[in-house]
Amino acid sequence: MDPYSRHVLVCTGSYCSPEKKGRQIYAELARLLQREDLLFGPDRVKRGETPCLGVCAAGPIIAVYPDGIWYANVTSAQLERIVVEHLKHGRVVEELVFHRLGESS
Ligand code: FES
């Protein structure tokens with residue numbers, strides 16, 4: 001198996017987003033990864049969904065590993081920024097970060 005550069009987990013549960021917007025974000029992530037040519041090659045990104053990331057508020061929540069960067073209240077426009085700036089170019093979208101792995105918040 002070719003390695004992945006990053007793994008993005010999207011919470012599709014209903015506690016952090018009663019409208020289940022995480023499901024929409026998860027679907028949009030697939031389209032954006034394809035558009036940005038992030039499905040194959042050395043920069044490829046694995047997409048995954050989870051029923052809960054333990055936050056259960058301010059969703060949709062997504063977590064990017066191995067960076068350990070978590071984003072909250074992710075809208076479609078913000079997701080596009082995260083994909084292009086963070087996943088494609090490696091620049092964390094600092095103003096959208098609400099948690100970093102290993103730091104309490
Ligand atoms: S339901 Fe999304 S973080 Fe718990």
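Is D37 buried or exposed, judged by its C-beta neighbours inside 10 Å? In this predicted model, D37 has 11 such neighbours and therefore counts as exposed, the cut-off for that class being 12 or fewer. The residue sits in the loop that links α1 (21-35) to β2 (45-50). Its C-alpha atom is separated by 8.7 Å from that of K88, although the two residues are 51 residues apart along the chain.

**The sheet**

An open sheet of 5 strands has the order β2-β1-β3-β4-β5, with mixed pairing. Because β2 and β5 (97-100) stand at the edges with a single partner strand each, one side of each lacks a neighbour in the sheet. On average, neighbouring strands are turned by 20° against each other, direction ignored. Strands β4 (residues 69-71) and β5 run antiparallel and are joined by 3 bridges; Y71 stands opposite V97 of β5.

**The helices**

Helix α1 packs on the sheet, where it touches β1 (6-11), β2 and β3 (62-65). Helix α1 also meets α2 (residues 76-88), and their axes come within 10 Å. The table gives the angles that α1 makes with two elements.

| Pair | Angle |
|---|---|
| α1 and β1 | about 155° |
| α1 and α2 | roughly 40° |

The angle with α2 makes α1 oblique to that helix, and the crossing is right-handed. From α1, the residues I25, E28, L29, L32 and L33 take part in the contact, and from α2 the residues S76, L79, E80 and V83. By class, the residues of this contact divide into 6 nonpolar, 1 polar and 2 charged.

Conventions. Residues are numbered from 1 along each chain as its sequence is written. This is a predicted model: local features need pLDDT of at least 70, side-chain atom pairs count only at pLDDT 80 or more; totals for chains, interfaces and linings use all residues. Helices (H or I, at least four residues) and strands (E, at least two) are DSSP runs, numbered from the N terminus. A residue is buried if 20 or more other C-beta atoms lie within 10 Å of its own, exposed if 12 or fewer, and partly exposed in between; C-beta atoms are placed from the backbone. Two strands pair if DSSP finds at least two bridges between them. Axes are lines fitted to C-alpha atoms, for helices over the stretch in contact, and angles run from 0 to 180 degrees between N-to-C directions. Two residues are in contact if their C-beta atoms, placed from the backbone, lie within 7 Å. Angles under 35 degrees count as roughly parallel, over 145 as roughly antiparallel, 65 to 115 as roughly perpendicular and the rest as oblique. A crossing is left-handed if the near helix is turned anticlockwise from the far one by less than a right angle, and right-handed if clockwise. Ala, Val, Leu, Ile, Met, Phe, Trp, Tyr, Cys and Pro count as nonpolar, Asp, Glu, Lys and Arg as charged, and the others, Gly among them, as polar.
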